[in-house]
Amino acid sequence: MRIAILSSIAWRTPPRQYGPWEQVASYLTEGLVDKGIDVTLFATTDSVTAARLEGTCKTPYAEDRDIDPKVAECMHISHLMEKAAQFDLIHNHFDFLPLTYSKLIGTPMLTTIHGFSSPKILEVYQKYNASTHYASISNADRSDKLDYIATVYNGVDGQDFPFEMNPQDYLLFFGRIHPDKGTYEAIQIARQAGKVLLIAGLIQDDAYFEQKIRPNIDDRSVFYIGNVGPGERRTLLGKALALLHPIQFDEPFGLSVAESMFCGTPVIANNRGSMCELIVDGKTGFLVNTMDEAVQAVEKIPGIDRQECRQWGKAMFSKEKMVDNYLAVYDQILSR
């Protein structure tokens, strides 16, 4: 079986800091290699992999403003498509653009839909619905206008997120600094609960950060750690009393939620999108609908068994399970 994994080139695969799509593509690629699968990863050429690496973009365009993203994406996608006949299957982690090549090649394509950035892109998915294959990353993120071959939850490498039994007395917000992610709401929850809050993540909305977040950073009860790398991420997640995830949108998955539970750290999340699939309410965290409920949930955190969080994470969101599930999908596609 010869598999091509098409990763995003916004960030390196795996990412140095932020980059959930690239992280999932990396975990999948390395997991397939471990299974003895012939894999070629199409990513930035500074990517790190045990698979064969192909690419046209030397550095991620999000790290180099001299790169035109549209040009880089065009060159990147076409580079794979011109080699499509060399593979039995192409696994697309690059959103909707590669679909426009799918009827021009003979190689079947599986697209993992990592969420819909806009309702407008659904038109592209609909056009290629009958001629290609889609996997969702949660049941909550499925569109009733599309057909899906499977739902495959994103996987986490347990070695990257070791279990931590003895947390410190702080709450953590980990994710994009953006209104959708509820950074400001996390600050309010922590303050009302009387807890220190550490904030870590990429500042995606500068105006939001300057107007709503920075004025609340006092380096006594609210700290901004920055856009941290893998080593700091595992420590921050593992040592946290709980992860606050007060999302203000219907999130397709939420990789930090799975990573947190792998560390044994429970999650308090707004009950939107995929959260009810990721979190067992009262067992691995709490699903809430209001800020008052979130504050009350902080008080209940000592009653959560961190071992149970870890066990749930391993059972549902391991890299190994994701790889096995995708291999089953590959076999299903290739047997047709």
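Rings of Phe, Tyr and Trp (its six-membered ring) pair if their centres lie within 6.5 Å, and planes under 30 degrees apart count as stacked, over 60 as edge-to-face and the rest as tilted. Before I go on, please keep in mind that this is a predicted model, in which local features need pLDDT of at least 70 and side-chain atom pairs count only at pLDDT 80 or more, while totals for chains, interfaces and linings use all residues. Residues are numbered from 1 along each chain as its sequence is written, and side-chain values use heavy atoms, with hydrogens and water left out.

The structure holds ten aromatic pairs, and I will show two of them. Phe-42 and Phe-87 have their centres 5.8 Å apart with 80° between the planes, an edge-to-face pair. Phe-42 belongs to strand E2 (residues 38–42) and Phe-87 to the loop between helix H2 (69–81) and strand E4 (89–92), so this pair ties together parts that are 45 residues apart in sequence. Helices (H or I, at least four residues) and strands (E, at least two) are DSSP runs, numbered from the N terminus. Both Phe-42 and Phe-87 are buried, where buried means under 20% relative accessible area, exposed over 50%, and partly exposed in between (1.4 Å probe, protein chains only).

In the second pair, the ring centres of Tyr-153 and Phe-317 are 5.5 Å apart and the planes stand at 65°, so this pair is edge-to-face. Tyr-153 sits in the loop between strand E7 (150–151) and strand E8 (170–174), and Phe-317 in helix H10 (residues 306–317), 164 residues apart. Both Tyr-153 and Phe-317 are buried.

Which residues of H7 and H10 make their contact? Helix H7 (residues 255–262) and H10 have axes that come within 7 Å and cross at roughly 130°; axes are lines fitted to C-alpha atoms, for helices over the stretch in contact, and angles run from 0 to 180 degrees between N-to-C directions. H7 and H10 are therefore oblique to each other, given that angles under 35 degrees count as roughly parallel, over 145 as roughly antiparallel, 65 to 115 as roughly perpendicular and the rest as oblique. Ala-258, Met-261 and Phe-262 of H7 make the contact with Cys-309, Arg-310, Trp-312, Gly-313, Lys-314 and Phe-317 of H10, contact meaning heavy atoms within 4.5 Å.
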